[in-house]
Amino acid sequence: MIITKGNDIYIYFELIKQLNPTSVLDVGMFLVRCGAVGRQAMGCEIASEKRLEGVRLSELPELSVYETVYQ
């Protein structure tokens, strides 16, 4: 499933920005599901110094770009 609602995508990035964690556990791999190919979407970004781990819950495409997005 690709997430196309801009509000959902914006909230994901805004929560990370406001909470300012050093690491993020992305259960369900939201970035993959919303179709992002990096740490940016809709003018928002997750800083490269933040550790981002993805936990796959379902059959999602295994693209090599996500190996660098999710450390």
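Modeller: Let's start with charges. Arg51 forms a salt bridge with Glu53. Their closest N and O atoms are 2.4 Å apart. Keep in mind that this is a predicted model.

Colleague: Is Arg51 buried, exposed or partly exposed?

Modeller: Arg51 counts as partly exposed, because its relative accessibility is 42%.

Colleague: And Glu53: buried, exposed or partly exposed?

Modeller: Glu53 has 26% relative accessibility, so Glu53 counts as partly exposed too.

Colleague: How many salt bridges does the count come to?

Modeller: The count comes to one salt bridge.

Colleague: What about Arg39, then? Which side chain of opposite charge is nearest?

Modeller: That is Glu45, 7.3 Å away. A salt bridge needs the charged atoms within 4 Å. Arg39 has no salt bridge, yet Arg39 is buried.

Colleague: Which backbone oxygens does the side chain of Arg39 reach?

Modeller: One is the backbone oxygen of Ala47, at 2.9 Å. Another is the backbone oxygen of Lys50, at 3.0 Å.

Colleague: Where is Arg39 found?

Modeller: Arg39 sits in the loop between α2 (30–33) and β2 (40–41).

Colleague: What does Arg39 touch?

Modeller: Leaving out residues up to four places away in sequence, its contacts include Phe13, Cys44, Ile46, Leu52 and Val69. Glu45, Ala47 and Lys50 are also among them.

Colleague: New topic. Which residues form the nonpolar patch on the surface?

Modeller: Tyr10, Ile11, Leu15, Leu19 and Met42. Together they have about 540 Å² of accessible area.

Colleague: Take Leu19. Where does Leu19 lie, and why does Leu19 count as exposed?

Modeller: Leu19 lies in helix α1, residues 6–19. Leu19 counts as exposed because its relative accessibility is 67%. The cut-off for exposed is over 50%.

Colleague: And Met42, where is that found?

Modeller: Met42 is in the loop between β2 and β3 (44–45). Its phi is near 50°, a positive value in a residue other than glycine.

Colleague: What is the phi of Met29?

Modeller: Met29 has a positive phi of about 50°, although Met29 is not a glycine. Met29 is in the loop between β1 (23–27) and α2.

Colleague: Is Met29 buried or exposed?

Modeller: Met29 has a relative accessible area of 5%, so Met29 is buried.

Colleague: Last one. What about Lys5: buried or exposed?

Modeller: Lys5 is exposed, because its relative accessible area is 57%. Lys5 belongs to the segment before α1. The C-alpha atoms of Lys5 and Val27 are separated by 19 Å. Along the chain, those two are 22 residues apart.

Key. Residues numbered from 1 in each chain as written. Predicted model: local features only at pLDDT ≥ 70, side-chain atom pairs only at ≥ 80, totals over all residues. Heavy atoms only, no water. Helix = DSSP H or I, 4+ residues; strand = E, 2+ residues; numbered from the N terminus. Buried < 20%, exposed > 50% of the residue type's maximum accessible area, 1.4 Å probe, protein only. Lys, Arg positive; Asp, Glu negative; His and termini not counted. Polar contact = N/O pair within 3.5 Å; in protein donor to acceptor, adjacent residues only side chain to side chain. Contact = heavy atoms within 4.5 Å. Patch = residues over 30% accessible without salt bridge, like charges linked within 9 Å, V, L, I, M, F, W, Y side chains within 5 Å. Areas by Shrake-Rupley, 256 points an atom, 1.4 Å probe, with all protein chains shown as cover.
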